[in-house]
Amino acid sequence: MTARSSGGAAAHRVVLVGAGFGGLYAAQALKRAPVDLTVIDRRNFHLFQPLLYQVATGGLSPGEIASPVRHVLSRQRNARVWLAEVRDIDVERRLVRMEDGEAPYDTLILATGSHDHYFGHDDWEPLAPGLKTIEDATQIRRRILNAFESAEREPDAAERKAWLTFVIVGAGPTGVELAGALGEIANDTLRHDFRSINPAEAAILLVEGTDRVLPAFPPDLSDKAERSLLKLGVRTRTHTMVTGLDRSGVTVRTGDASDRIPAKTVLWAAGVRASELGKIVSDRTGAPLDRAGRLIVEPDLTVPGHREIFIIGDLANFSHQTGQPLPGVAPVAMAEGRYVARVIQARLRGVTTPPFHFFDKGTLATIGRNRAVAAFGRLHISGPIAWFVWLFVHLMYLVEFDNRLLVLIEWIYDYITRNRGARLITGGQ
Ligand SMILES: Cc1cc2nc3c(=O)[nH]c(=O)nc-3n(C[C@H](O)[C@H](O)[C@H](O)COP(=O)(O)OP(=O)(O)OC[C@H]3O[C@@H](n4cnc5c(N)ncnc54)[C@H](O)[C@@H]3O)c2cc1C
């Protein structure tokens, strides 16, 4: 099928792979463009990853943070949506290859994001799940709730303690948010639910390799976050690396000292690596990759030597603004998505555009009820005000109005009752 522009000529074919933050914002910004847009994603939904930790800790249900891509783009006449995984790209013939077909393009936008990275220890993945997909979140929820259930029935004190010990590896925003939510589960949510154990006796340990939690935030906010975590019963261990991991616990190293921590639940929030398509594009075009597998892009987000291929979001390393890669966060992906849509439309009009520039509006992380930290340039805030800003921003960026409403109702209910309604143990072991 080939769409026609209003002048009757075949419309410019844009293929966009990945309907996450970067891809979806690019697609929507192309709404009025004279293009024939094909959006390809291997999942049929856009996932709001910043709230995954709430699914993992029983605060929200999966459907509340995911929106079907087909529905989101249903009124966009120039866009079609395909559910498929892109496996390869033929840059000479300008087509993407899926398992069962091909899609030709004039312009290609790749926005396939990133996945958890175990730094050479892929065998740790089944032992310490990361948080990247809905399945990861429900698996973590299952493990956390099962740990309390197993502790309730465990007669041996040492084993019971291991069931009630939770280790979270990596104290970036995801690790801090998970640890804070776990602290609330142990201290508040499950307070009256057990007979043999006291959930508040759970040990929650946040392990971080650098010198502080939230290393990407200003140091004063890291301090505040650490103090808030402590109030929730979360202990942090900085300058500490995980050196071993098995079903019964973790081995960590701080300086020269090694330590064994018996723990039945270990969660991974220590880093991500760009999607495999980065390597494929690099192999096909000779474009350089950085150590995290991201494609090093030109100032207009194209692949060197291929002005028809744009790379955005977590898959891109854009270092032209500060000399350092822009962080792998949603606002960067969204801004890049909107920018490439502008460039494509400008090119069709024969107009040149300035290089991409990211305007950083600020960074936020929440640590639990009434607790968050936020940095807006030199303005640093924490506590309830930062928490309300966090709530507002996250609600506003949920893609669909229905989800915003559902999440708002859920949050108000949870705030009043201190409950977490989605505490279901589902799926396998
Ligand atoms: C747990 C967690 C918490 C986070 N919290 C925050 C936060 O609080 N604030 C913030 O700003 N950022 C946060 N982030 C980071 C933010 O979510 C990412 O930076 C952002 O999603 C990147 O957008 P993207 O478009 O590059 O990729 P993604 O949003 O990851 O989208 C990639 C899309 O590509 C699809 N895809 C991948 N490979 C293929 C393929 N081969 N074929 C077809 N489709 C494919 C995927 O299904 C997916 O839909 C968080 C991330 C995680 C995991």
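Mentor: The model is a predicted one, and it holds eleven aromatic pairs. In one of them, the rings of Trp 124 and Trp 268 have centres 5.8 Å apart and planes at 65°, and because planes over 60 degrees apart count as edge-to-face, this pair falls into that class. Trp 124 belongs to the loop between strand 10 (114-116) and helix 4 (134-153), whereas Trp 268 belongs to strand 17 (residues 265-268), so the pair ties together parts that are 144 residues apart in sequence. Buried here means under 20% relative accessible area; Trp 124, at 5% relative accessibility, therefore counts as buried, and Trp 268, at 4%, counts as buried too. Elsewhere, ring pairs link Tyr 53, Trp 390 and Trp 411 into a cluster.

Turning to the whole, the protein contains eleven helices and 25 strands, and 52% of its 429 residues count as buried. Among the contacts with a separation of 6 or more, 61% are between residues 24 or more positions apart. The radius of gyration is 23 Å, which agrees with the value near 22 Å that a compact globule of 429 residues would have, while the C-alpha trace spans about 75 × 50 × 45 Å along its principal axes. Of the accessible surface, about 20100 Å², carbon and sulfur atoms account for 52%.

Definitions and conventions: Residues are numbered from 1 along each chain as its sequence is written. This is a predicted model: local features need pLDDT of at least 70, side-chain atom pairs count only at pLDDT 80 or more; totals for chains, interfaces and linings use all residues. Side-chain values use heavy atoms; hydrogens and water are left out. Helices (H or I, at least four residues) and strands (E, at least two) are DSSP runs, numbered from the N terminus. The radius of gyration is taken over C-alpha atoms; the globule rule is 2.2 Å times the number of residues to the power 0.38. Buried means under 20% relative accessible area, exposed over 50%, partly exposed in between (1.4 Å probe, protein chains only). Contact means heavy atoms within 4.5 Å. Accessible areas come from the Shrake-Rupley method with a 1.4 Å probe; for residues, only the protein chains shown count as cover. Rings of Phe, Tyr and Trp (its six-membered ring) pair if their centres lie within 6.5 Å; planes under 30 degrees apart count as stacked, over 60 as edge-to-face and the rest as tilted.
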